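Please open the model in a viewer and keep a selection panel at hand.

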Amino acid sequence: MSNQTPNLPDLSGAFSKSKSTIFTVVTIFILLLLAFQAMYTVDEGHVGIIKRFGEATEQVNPGLHTKIPFVDTVEVLEIRTRKNVEKLNASTHEQMPVTAEVSINWTVLRAEAFDLFKSYGGLVQFEARILDPKLRSAAKDALARYKAEELIQNRSQVIAQIEELLLEEMKDYPVKLDSAQLENLVLPKKYIQSIETKQTEKNLAAAEMHRLERQKLEAQREVNTALAQRDAAKAQADGKAYAIRAEAQAEAEAIKVKGLAEAEALNEKAKSLNNSQMMVEYVRAQQWNGQMPTTIMGGDQSVLWNMNNKN
């Protein structure tokens with residue numbers, strides 16, 4: 001047998017090719033990483049604050065943006081309405097302790113979000129340093145201006161007072177205050193019991209007043225009914241009296257007419273007689289019974305003639 005060296009494959013070319021491939025892959029990865037680091041998005045309702053080596057440089061609106069990878073960083077600020085809630089212990093005008101929960105809706109002004117970030121470092125810092133302390137101060141000041149009973153009865157007025165005080169305190173800051181709310185207002189139990197007792201007594205008094213008013217209305221109704229019946233009876237009596245009076249007047253008028261007629265007749269009869277002798281004869285004729293006299297006096301009044309003696 002002859003000793004012969006076997007032919008080994010040339011690995012140098014393969015290694016060089018593999019090295020080139022790895023470099024290409026690493027390069028692509030780095031480029032993708034740089035592209036990923038360079039691109040970012042800002043969601044709607046927010047703005048982006050670009051910081052370069054920790055310094056705020058500009059503000060960007062919602063959308064897709066680019067930055068310098070590993071150099072620039074982005075802080076996102078919400079510019080939609082936010083709600084801050086504060087629980088606090090306060091006192092009323094008569095120094096009665098009260099606990100309450102007050103809240104405020106507020107919004108960062110888009111055009112001034114960059115200044116707010118530069119001045120306070122973000123929304124959380126602004127709330128902790130500025131908004132929350134001033135909200136507590138305004139709420140305590142407003143609550144101290146009202147009595148406990150007024151806090152219950154005029155809550156909307158108290159809320160308006162809180163808003164007015166807070167607006168005055170926040171007028172120099174780059175935010176917009178929308179509305180305040182006063183919730184979970186808690187007064188001492190003894191006072192609440194006294195309010196309930198007072199309200200119960202007021203309700204009972206109102207019920208009694210309603211009952212009295214109802215009795216008054218019923219009494220007035222009976223009076224009105226009696227007056228109506230009286231007026232009806234009076235009208236009926238007046239009608240009867242008027243009828244009787246009219247009837248009597250008619251009868252009197254008839255008698256008067258009859259009397260006048262009879263007088264007129266007598267007057268006419270008197271006119272028809274020329275003298276008093278004719279009137280006497282007329283009366284005598286009316287009173288004659290139709291019999292002739294049985295005696296007659298002669299020329300000498302001492303002599304009587306018997307008319308019945310035929311001889």
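Which side chain meets that of R230 in a salt bridge? Select R230 and D231: their side chains form this salt bridge, with 3.1 Å from N to O. A salt bridge here is a side-chain nitrogen of Lys or Arg within 4 Å of a carboxyl oxygen of Asp or Glu. D231 is partly exposed, at 39% relative accessibility; buried means under 20% relative accessible area, exposed over 50%, and partly exposed in between (1.4 Å probe, protein chains only).

Two remarks on the source apply throughout. This is a predicted model, in which local features need pLDDT of at least 70 and side-chain atom pairs count only at pLDDT 80 or more, while totals for chains, interfaces and linings use all residues. Residues are numbered from 1 along each chain as its sequence is written, and side-chain values use heavy atoms, with hydrogens and water left out.

**The whole chain**

Of the 311 residues, 22% count as buried. Among contacts between residues at least 6 apart in sequence, 62% join residues at least 24 apart, a contact being heavy atoms within 4.5 Å. Switch to a surface view: the accessible surface comes to about 23,200 Å², and 56% of this area belongs to carbon and sulfur atoms. Such areas come from the Shrake-Rupley method with a 1.4 Å probe, and for residues only the protein chains shown count as cover.

**Salt bridges**

Side chains of opposite charge can pair when their charged atoms come close. The structure holds 12 salt bridges. Select R52 and D72, one of these pairs, whose closest N and O atoms are 2.6 Å apart. R52 is partly exposed, with a relative accessible area of 34%, whereas D72 is buried, at 4%.

Next, select K134 and E169, which form a salt bridge with closest N and O atoms 3.4 Å apart. This pair links distant parts of the chain, with K134 in helix α3 (residues 123–143) and E169 in helix α5 (residues 155–170), 35 residues apart. Both are partly exposed, K134 with a relative accessible area of 21% and E169 at 42%.

Then select E78, R80, R82 and E127, which are linked in a network of salt bridges.

**A buried charge without a partner**

Select D132 in helix α3. D132 is buried yet has no salt bridge, and the nearest side chain of opposite charge, that of R136, is 5.1 Å away. Lys and Arg count as positive and Asp and Glu as negative; His and the chain ends are not counted. Leaving aside neighbours within four places in sequence, D132 is in contact with N84, E86 and E127.

**The nonpolar core**

Select W106 and F126, the residues with the most contacts inside the largest nonpolar core, which has 44 residues. Such a core is a set of buried Ala, Val, Leu, Ile, Met, Phe, Trp, Tyr and Cys residues joined through side-chain atoms within 4.5 Å. Helix α3 gives the most to this core, with nine residues. Not counting residues up to four places away in sequence, F126 touches W106, L116, Y120, L131, M170, Y173 and V175.

Now select the buried residues of α2: A113, F114, L116, F117 and Y120. They cover an arc of only 165° around the axis, which puts them on the same side of α2; the arc is that of the directions from the helix axis to the C-beta atoms. These buried residues pack against β2, β3 (55–60), β5, β7, α3 and β8. Just after α2, G121 takes a positive phi of about 85°.

**Two loop residues**

Most residues other than glycine have a negative phi, and most peptide bonds are trans. Select F53, in the loop between β2 and β3: F53 is not a glycine, yet its phi is positive, at about 55°. F53 is exposed, at 69% relative accessibility. Finally, select F70, in the loop between β4 (63–66) and β5. The phi of F70 is also positive, near 65°, and F70 is exposed, with a relative accessible area of 58%.

Note on methods: Helix = DSSP H or I, 4+ residues; strand = E, 2+ residues; numbered from the N terminus.
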